[in-house]
Amino acid sequence: MDFIFGAATAYFDHCHIHCLRDGYITAASTPEGQPHGFVFADCQVTGADDVKSYLGRPWRNFAQTVFLRTEMSGVVRAEGWHNWNKPEAEKTTHYAEFGQAPALARSRATRVKWAKQLTRGRDCGADARKKS
């Protein structure tokens, strides 16, 4: 089951996503060349007992989804993201996380290698702001 899907640029601020069944929280189909897809900032992800979900899967090959400072419960699978059996999408998608809750920081090592763990500074645009 896909919870949030489509080709839109959408910004989710301080939302609470509660997963009731196994599946994918997002299925972005971001068009090639579109600068942004789904952005979740300062959100919370929880779920029903025994539910396991992925943060996202690529509906189309240029899918973009970013979770910023989002608190994630154990409902999020350790690998975080799924390629939806499209290994070529691993080269064209942009899946990223920044500022996870401290209790989940150890899960970074288990995330798929083709997703990004953003750091403060260049990844988040701080260097660009300093130069202007």
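## Basis

Residues are numbered from 1 along each chain as its sequence is written. In this predicted model, local features need pLDDT of at least 70 and side-chain atom pairs count only at pLDDT 80 or more, while totals for chains, interfaces and linings use all residues; side-chain values use heavy atoms, with hydrogens and water left out.

## Nonpolar cores

A nonpolar core is a set of buried Ala, Val, Leu, Ile, Met, Phe, Trp, Tyr and Cys residues joined through side-chain atoms within 4.5 Å; buried means under 20% relative accessible area, exposed over 50%, and partly exposed in between (1.4 Å probe, protein chains only). The largest such core has 21 residues, of which Ile 25, Phe 40, Leu 55, Phe 67 and Trp 81 touch the most other members. Another core, apart from this one, has seven residues, including Val 39 and Ala 96.

## The sheet

Strands are DSSP runs (E, at least two residues), numbered from the N terminus, and two strands pair if DSSP finds at least two bridges between them. Five strands form an open parallel sheet in the order S2-S5-S8-S10-S11. Strands S2 (10-13) and S11 (116-117) each have a single partner strand, so one side of each lacks a neighbour in the sheet.

## Salt bridges

There are three salt bridges (a side-chain nitrogen of Lys or Arg within 4 Å of a carboxyl oxygen of Asp or Glu). In one of them, the closest N and O atoms of Arg 57 and Asp 2 are 2.5 Å apart. This pair joins strand S7 to strand S1, 55 residues apart. Arg 57 is buried at 5% relative accessibility, whereas Asp 2 is partly exposed at 26%.

Key:
Helices (H or I, at least four residues) and strands (E, at least two) are DSSP runs, numbered from the N terminus.
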